[in-house]
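Here are my notes for a colleague looking over this structure. Please read them beside the model.

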Amino acid sequence: MQPPPPPPATAEPFRITTNSPQMLDANLTPGRRKLQKWLGRVLRIVITDGRVLVGFFNCTDRDANIVLSMCAEYLVEGQEPRLLGNVMVAKKHIVSLNIDEPRTSTIL
């Protein structure tokens, strides 16, 4: 029995697929253009009861509800997260929303 092949050297980034018609960037409003750039990025959402939800931005709707995929819930900072999967967060419960950028370290 042969060992499995090694993983590819460069991992492909998270890819969003859609079944909606693709619109040209020239036809998009600035807000929609920004939302399109956020697709597949990690969002950190603080909700009214103090919980923090972190997951991949999947979609939004006219009412500004947000769907996150592969979402984790943090009750208290520093504790282990609870894995939730796909989550819809109602606009009325969103206190703050941030793109969760990886920290860059500087080597001197």
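1. Rings of Phe, Tyr and Trp (its six-membered ring) pair if their centres lie within 6.5 Å; planes under 30 degrees apart count as stacked, over 60 as edge-to-face and the rest as tilted. By this rule there is 1 aromatic pair. The ring centres of Trp-38 and Phe-57 are 6.4 Å apart and the planes stand at 80°, so the pair is edge-to-face. Trp-38 sits in helix H1 (residues 30–38) and Phe-57 in strand S2, so the pair ties together parts 19 residues apart in sequence.

2. This is a predicted model: local features need pLDDT of at least 70, side-chain atom pairs count only at pLDDT 80 or more, and totals for chains, interfaces and linings use all residues. Residues are numbered from 1 along each chain as its sequence is written, and side-chain values use heavy atoms, with hydrogens and water left out.

3. Buried means under 20% relative accessible area, exposed over 50%, partly exposed in between (1.4 Å probe, protein chains only). Phe-57 is buried, at 2% relative accessibility. Trp-38 is partly exposed, at 22%.

4. Strands here are DSSP runs (E, at least two residues), and helices are runs of H or I, at least four; both are numbered from the N terminus.

5. Glu-73 is found in strand S3. Glu-73 is buried, with a relative accessible area of 3%.
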